[in-house]
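Could you open the structure in your viewer and switch to a cartoon display? We will take a short walk together, one selection at a time.

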Amino acid sequence: MDAATLELVKVLGQENVHTSYETLLCYSYDATPDLPVRLPEVVVTPGSTSQVIDVVKIARRYKMPVYPRGAGTNLSGGCVPVHGGIVLSTIKMNKIPEIDPDNLVATVQPGVIIQDLNNAAQPHGLMYPPDPGTVNTATMGGSVAECSGGLRGLKYGVTKHYVMGLEVVLADGRAVFFGGKTVKNVTGYDMVRLFTGSEGTLGIITQIIVRLIPIPEARSSMLAVYADLRDAGNTIRDIIRHKVIPATMEIMDQTTIRAVEGYARVGLPTAARAVLLIEVDGMPEVVQREEQIVLQVIKQNNGQVTLAQNTQERDKLWAARRAALPALAQLKPTTILEDATVPRSKITDMLLAVEEIARKYNLTIGTFGHAGDGNLHPTILTDSRNQEEMPRVHKAVEEIFQKALALGGTLSGEHGIGLAKARFMINELGPNGLDVMASIKKALDPDGLLNPGKIFPPSIYNEGYKYG
């Protein structure tokens, strides 16, 4: 056992320091496919902010990189330890110190599962709106670090809209706290927003204050079926034009529909070119009015619609949507899930572009996602061992990103940049924008010890950084 590991054992206890090959292997990857595997030197599981500080100080003394990690469900290689070092798992920091219904907030540790927070808030008539597909396994810390979105993003926004306060351990071992429970706070720079979505590259999140909202009184869920992909895309556009903002508006193309039906047997129409799953919520009278508008728009765009008549039917619809990724993943050994996001008015253009890219490169691409906020997940089904196909896959990924940017979109709507998209950052930000971000990174983490290799292309790390 080396000197750094011995010090970690001294401050954390042997039960929180892991060096077995099996454990290191389990923490060498996340949910992202087709990325290099590199074992960390050690995995630690601190249980408090003070222990996180101890880990960071030891890492700094020995110049070891530190990779913060939640549940490892992210899809950008965000917590892959590309340069060895220390994986810092927050799995044991899983307490909810407070649900404060008077101020509509909750205080949580980073290892809290998102669904567990909702379960704790529900008796108070409250909920935490961000709703990623991995809500039952993803942690609050990882979700904040990635600024995840989810199914309710159209109406309720994404994680950054609910984070009010953060405690963060910096690269020099200091713990700082920004924000709080107040609705208004314009004291200095908005540091809460800076750390939200920073993917562990600026600091390690150790406590979070989030905003809660009342659970809607009523909701209406429906399934719209289309024979033409354009009609589905135009429905999305027209619903927004009618000033209706559904809580959720999800799309699945034919490839995804067939995969989900084969996987879950929920009664989806496999002959359809696309389906939309839509839910409106709020006050009963508002839900009734918005439901009628949505039904009218669906019919005007040649859709066939079925309303969920009870909770069981509603749950069945959303179970089908949440099954999209696992259903597609069973079809081929490698599932490359992208995160193309465009303005809502361009959703039809993006859907058709993905179909054309699939034909051009002779690939199977299933597209699903949060169509109401322009966030699509083109999912390429392939086999990383296929040396003939993988070059076509990489070209297709590049074209998907290029098309999204050309339509006024972005590289990532909710999955983050991580390792997988770092080389594309300059395409969206340009050299000056990337330089500004790199300046912030270097100011807060001059030795490049916090999650190195992520967000920025390798050239940024090579300029004065040890790891790159």
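This tour of a predicted model goes from a sheet to a helix and then to a single glutamate.

Stop 1: Seven of them form an open sheet in the order 15-12-14-13-17-18-16, and the pairing is antiparallel. Select 304–307 and 334–337 next: these are strands 15 and 16, the edge strands, each of which pairs on one side only. Now look along the sheet; on average, neighbouring strands are turned by 20 degrees against each other, with direction ignored.

Stop 2: Select residues 248–253 (strand 13) and 274–282 (strand 14), an antiparallel pair joined by six bridges. Strands of a sheet pair through backbone hydrogen bonds. For a handy landmark here, show M249 and find I278 of strand 14 standing opposite.

**Stop 3**

**Stop 4: E414.** Move on to the loop between helix 14 and helix 15 (425–444), where you will find E414. Is E414 buried or exposed? E414 is buried, yet has no salt bridge. Show R321 as well: this is the nearest side chain of opposite charge, 6.1 Å away. Then turn to H370, whose side chain makes a polar contact with the side chain of E414 at 2.7 Å. To finish, display other residues that E414 touches, among them E146, C147, S148, G149, G150, D339, N375 and H377.

Key. Residues are numbered from 1 along each chain as its sequence is written. This is a predicted model: local features need pLDDT of at least 70, side-chain atom pairs count only at pLDDT 80 or more; totals for chains, interfaces and linings use all residues. Side-chain values use heavy atoms; hydrogens and water are left out. Two strands pair if DSSP finds at least two bridges between them. Helices (H or I, at least four residues) and strands (E, at least two) are DSSP runs, numbered from the N terminus. Axes are lines fitted to C-alpha atoms, for helices over the stretch in contact, and angles run from 0 to 180 degrees between N-to-C directions. Buried means under 20% relative accessible area, exposed over 50%, partly exposed in between (1.4 Å probe, protein chains only). Lys and Arg count as positive and Asp and Glu as negative; His and the chain ends are not counted. A salt bridge is a side-chain nitrogen of Lys or Arg within 4 Å of a carboxyl oxygen of Asp or Glu. A polar contact is a pair of N or O atoms within 3.5 Å; within protein, one must be able to donate a hydrogen and the other to accept it, and residues adjacent in sequence count only if both atoms are side-chain atoms. Contact means heavy atoms within 4.5 Å. Lists of a residue's contacts leave out its neighbours within four places in sequence.
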